[in-house]
Amino acid sequence: MEQREFGRSGQRASVIGLGTWQLGADWGEVSEKDAMAVLDAAAEAGVTFLDTADVYGDGRSERLIAAWRRENPGVGVMVATKMGRRVEQLPEHYSLDNFRAWNDRSRANLGVDTIDLVQLHCPPTAVYSSDEVFDALDTLVAEGRIARYGVSVETCEEALAAIARPGTTSVQIILNPFRLKPLERVLPAAREAGVGIIARVPLASGLLSGRYTADTTFSADDHRTYNREGEAFDRGETFSGVDFTTGVEAAREFAALAPEGATPAQTALRWIVQQPGVTTVIPGARSPEQARANAAAADLAPLPEATLEAVRELYDRRIRPQVHDRW
């Protein structure tokens, strides 16, 4: 699989990585056996970048990755985790003491002395203007707790603020054919600054797979059930902020754009990979088959200009009119 330069880090990451929110069982139950099989399949397909967080399954995702690495000591992967969502979202909680405590927990979960990449997990907007916060992150690097840091953001304005910080290695942002706003300023700014871009929610919480209908339901413990209006966290994290019915209809149109031999999901991933400035995209998977299918998107031929224009037209007509400008 293609490996791209990861920001200023000097490392490289697979253009298609693996998001492991599902392995925390926050999208419905995933057994340990199934989680290990997903990680096996991803690595066998060339994935070298794993993204997790300390709150995915209250640390379960981190611990599963650690167990998998113990069973596969020769497999080189870059592991990125996140911190900051274990407390009420107030700027004053983003302190060096809390960072050290959260980092200690993640290092124990992951079974490492130094974490490859730690990202602030969609912090309050005021955090981005705090020199003390970024000084604290620099301290974690100096102490050898983390190799580098980045920020996972909700908005383009937050992304631009993070990119402007000299120590930022990467920015993680929602980017998919139903979320085009980052193309306007964020990706160009990241390229200019040498900051990596991690594209998350690449399938709009599964909408872009083309498998859902207006009657599709999800389990009660799945955020696609309990967070449609932003009841638990930012609404933009669920279906990219798109109304479910609208999203299903738009996804049906998107599916018709898939090239012969490719699924709608693979087409969405290929579209993201083609955007200048993207380092890696992190689709999740609940089965080895999903992990392999996602990775195979890296082998697709570039989408033609006509398809790219059709994606833009679909977005402008179906999505843009009904999503908040925040997204």
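Strands β3 and β4 (residues 49–51) are joined in the parallel sense over two bridges, with Gly19 having Asp51 as its bridge partner in β4. The model is a predicted one, in which local features need pLDDT of at least 70 and side-chain atom pairs count only at pLDDT 80 or more, whereas totals for chains, interfaces and linings use all residues. Residues are numbered from 1 along each chain as its sequence is written, and side-chain values use heavy atoms, with hydrogens and water left out. Helices (H or I, at least four residues) and strands (E, at least two) are DSSP runs numbered from the N terminus, and two strands are taken to pair if DSSP finds at least two bridges between them.

The β3–β4 pair belongs to an open sheet of eight strands in the order β3-β4-β5-β6-β7-β8-β9-β10, with parallel pairing. Its edges are formed by β3 (18–19) and β10 (280–281), each of which pairs on one side only. Helix α3 (residues 96–110) lies across β5 (78–83) and β6 (117–121) and runs at about 140 degrees to β5; axes are lines fitted to C-alpha atoms, for helices over the stretch in contact (heavy atoms within 4.5 Å), and angles run from 0 to 180 degrees between N-to-C directions.

Nonpolar cores were defined as sets of buried Ala, Val, Leu, Ile, Met, Phe, Trp, Tyr and Cys residues joined through side-chain atoms within 4.5 Å. Buried denotes under 20% relative accessible area, exposed over 50%, and partly exposed the range in between (1.4 Å probe, protein chains only). The largest such core comprises 85 residues, and those with the most contacts inside it are Leu50, Phe99, Leu120, Val171 and Phe178. A second, separate core of eight residues includes Phe6, Phe49, Leu117 and Ile282. When residues up to four places away in sequence are not counted, Leu120 touches Met83, Tyr94, Phe99, Val127, Val133, Leu137, Gly150, Val151 and Ser152.

Across the whole structure, 21 salt bridges were found, each being a side-chain nitrogen of Lys or Arg within 4 Å of a carboxyl oxygen of Asp or Glu. One of them joins Arg145 to Asp104 at 2.6 Å, N to O. Because Arg145 lies in the loop between α4 (131–142) and β7 (149–152) and Asp104 in helix α3, this pair ties together parts that are 41 residues apart in sequence. Arg145 is buried, at 14% relative accessibility, while Asp104 is partly exposed, at 36%. Both residues take part in a network of salt bridges that also links Arg100, Arg107 and Glu143.

A further salt bridge is formed by Arg318 and Glu249, whose closest N and O atoms are 3.0 Å apart. Arg318 lies in helix α11 (residues 305–319) and Glu249 in helix α8 (residues 244–255), so parts that are 69 residues apart in sequence are tied together. Arg318 is partly exposed, with a relative accessible area of 28%, and Glu249 is partly exposed at 31%. In the salt bridge between Glu2 and Arg4 (2.9 Å, N to O), Glu2 is partly exposed at 43% relative accessibility and Arg4 is buried at 17%.

Glu231 lies in the loop between α7 (223–226) and α8 and is exposed, at 52% relative accessibility. A polar atom of the Glu231 side chain lies 3.3 Å from the backbone nitrogen of Arg228, and one lies 3.0 Å from the backbone nitrogen of Glu229.

Methods. Polar contact = N/O pair within 3.5 Å; in protein donor to acceptor, adjacent residues only side chain to side chain.
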